[in-house]
Amino acid sequence: MSAITNHMPTAELQALDAAHHMHPFTTNDELADKGARVITRAKGVYLTDSEGNQILDGMAGLWCVNIGYGRKEMAEVAARQMMELPYYNTFFMTTHVPAIALAQEIAKLAPEGLNHVFFAGSGSEANDTNIRMVRTYWAEKGKPGKSHIISRKNAYHGSSVGSGSLGGMNYMHAQGGMPIPGIHHINQPDWWAEGGDMTPEAFGLARAQELEAKIIELGEDKVAAFIAEPVQGAGGVIVPPESYWPEIQRICDAYDILLIADEVICGFGRTGNWFGSQTMGIRPHIMTIAKGLSSGYQPIGGSIVCDEVAEVISATEFNHGYTYSGHPVAAAVAMENLRILQEEDIIERVRTVGAPALRAGLEKLAEHPLVGGLSIKGMMASLPLTPHKESRAKFAADAGTVGYMCRERCFANNLVMRHVGDRMIISPPLIIEPEDIDVFMTRARTALDETYAQLKEQDMLKSAS
Ligand code: PXG
């Protein structure tokens with residue numbers, strides 16, 4: 001066996017990576033030319049790369065490392081569980097302690113009435129479960145035609161064929177035969193980009209009422225569920241106007257439509273409560289979870305299901321599940337993560353320390369000439385870049401060109417800040433301390449200044465007509 005280690009020269013690792021490793025959501029040929037950044041270790045909120053750079057991780061990995069990197073207890077629990085029972089399934093009338101304990105703990109933390117958990121290995125898998133579960137629920141209730149699911153444009157619900165169909169990303173639908181039949185997408189509540197001259201409140205209401213119009217168009221007896229992220233994450237951290245969610249809730253109630261809250265990013269403290277549904281004041285029937293459930297230390301996801309849906313599903317054989325549903329090591333590690341989140345009051349600290357400090361710093365950053373506003377809920381935020389603040393104008397260059405330039409300047413300044421189109425995204429580990437938030441702001445400001453200078457030099461500070 002070849003020994004590939006952290007001690008090898010970066011260029012050699014990059015060459016091997018390019019030769020054999022296909023990266024997700026990447027033009028691999030372009031990456032091969034450029035060479036991937038090799039991350040070798042991480043501690044707290046800092047990553048180290050193969051060149052020895054200390055990089056502040058403003059994305060918590062991919063919105064998931066809520067408790068930060070390098071927690072020894074997590075490794076110890078994994079090792080102990082592997083020695084005791086590394087794997088067993090939960091298919092054929094068997095169970096095990098990690099799955100029992102984690103399901104009970106999740107039911108305890110979830111809002112009232114959500115007491116049942118169906119485990120998966122990821123958020124994508126969990127949303128595939130949800131598609132089948134809501135359709136099965138209505139079929140078992142004698143309404144097999146109530147099978148259509150309404151979602152939103154620019155939503156992200158995963159990248160499998162089912163969950164990618166639920167998502168509203170056109171560039172994903174363009175490859176591989178998506179969306180599957182029976183999925184419909186209404187417009188998103190993105191006031192900054194699409195609100196025009198409307199007030200945020202009027203716009204939020206109008207966008208919510210598109211759900212009602214779609215239900216009426218399809219017929220109430222045809223619509224099984226509406227799925228949405230409480231706050232859109234991968235779409236650009238889009239915090240809906242306050243009028244939006246109450247109206248959505250009213251419509252779901254009025255038309256007997258199941259509400260699925262995709263909590264994959266919002267769950268486990270990101271918005272300042274255990275779940276984004278609590279922050280946004282909604283009562284879902286099903287919540288999708290993953291990411292922060294284990295802080296990314298192990299791949300695990302699932303669906304938290306309300307009593308009413310669970311009762312119907314439990315009365316039949318639900319022909320669905322994954323080899324790794326409730327995987328004992330992943331479940332034990334998730335339990336340890338939940339213990340740390342609770343015993344260290346991490347979510348309370350998000351509300352009282354982390355989120356206010358992040359907001360204060362980002363509000364200052366939003367005064368930068370290149371930044372057109374600030375969208376923030378708890379510890380997820382975005383800064384839309386614009387050539388003209390007052391009109392919230394888009395750049396004349398293709399969407400994403402300027403965002404990418406800024407992302408590159410962040411990387412060069414040892415900061416991970418991802419871009420979605422021309423929005424810069426912030427989602428640090430929840431345990432980030434105010435001094436590291438200051439480091440974030442300093443590096444981000446430098447990156448913005450450098451981007452601004454570059455745009456000026458290349459005459460790119462022009463608005464789209
Ligand atoms: N739902 C939501 C709301 C998500 O954000 C998924 C489902 C799918 O989870 P899995 O575990 O199957 O990836 C996600 C994942 C990005 C990015 O670049 C975001 C996600 C995944 C990868 C990249 O913002 N979100």
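## Ligand contacts

A polar side-chain atom of lysine 291 lies 3.2 Å from a nitrogen atom of the ligand. This distance, like every other value in this report, comes from a predicted model. The ligand has 530 Å² of accessible area on its own, and the protein covers 84% of that area.

A backbone N or O atom of glycine 123 is found 3.0 Å from a ligand oxygen atom, and a backbone N or O atom of tyrosine 156 is found 3.5 Å from a ligand nitrogen atom.

## The shell around the ligand

## Two domains

The chain is divided into domain 1, which comprises residues 37-67 and 345-457, and domain 2, which comprises residues 73-343. The contact between them takes 35 residues from domain 1 and 38 residues from domain 2. The C-alpha centres of the two domains lie 26 Å apart.

## Histidine 368

Histidine 368 is placed in the loop that runs between α15 (346-365) and β11 (375-377). Its relative accessibility is 5%, so histidine 368 counts as buried, the limit being under 20%.

The side chain of histidine 368 is joined to the side chain of aspartate 449 by a polar contact of 2.8 Å. Leaving aside residues up to four places away in sequence, histidine 368 touches Lys389, Arg445, Leu448, Asp449 and Tyr452.

Serine 165 belongs to helix α7, residues 161-166. Is serine 165 buried or exposed? With a relative accessibility of 0%, serine 165 counts as buried. The side chain of serine 165 reaches the backbone oxygen of valine 161 at 2.6 Å.

Residues up to four places away in sequence aside, serine 165 touches Ser160, His173, Met178, Pro179, Ile180, Ile183 and His185. Two residues in that list, Met178 and Pro179, are linked by a cis peptide bond, with omega near -5°. Proline 179 lies in the loop between α8 (170-173) and β6 (183-186).

## Positive phi angles and an exposed loop residue

Phenylalanine 25 is a residue other than glycine with a positive phi, near 45°. Phenylalanine 25 sits in the loop between α1 (10-20) and α2 (28-34) and, at 54% relative accessibility, counts as exposed. Serine 295, which is not a glycine, likewise has a positive phi, of about 50°. Serine 295 lies in the loop between β9 (286-289) and β10 (301-306) and counts as buried, at 1% relative accessibility.

Alanine 315 is located in the loop between α13 (307-314) and α14 (328-343). The relative accessibility of alanine 315 is 69%, so alanine 315 counts as exposed. Alanine 315 and glutamate 140 are 175 residues apart in sequence, and their C-alpha atoms are 8.9 Å apart in space.

How values were computed:
Residues numbered from 1 in each chain as written. Predicted model: local features only at pLDDT ≥ 70, side-chain atom pairs only at ≥ 80, totals over all residues. Heavy atoms only, no water. Polar contact = N/O pair within 3.5 Å; in protein donor to acceptor, adjacent residues only side chain to side chain. Areas by Shrake-Rupley, 256 points an atom, 1.4 Å probe, with all protein chains shown as cover. Helix = DSSP H or I, 4+ residues; strand = E, 2+ residues; numbered from the N terminus. Buried < 20%, exposed > 50% of the residue type's maximum accessible area, 1.4 Å probe, protein only. Contact = heavy atoms within 4.5 Å. Domains from an automatic or database assignment.
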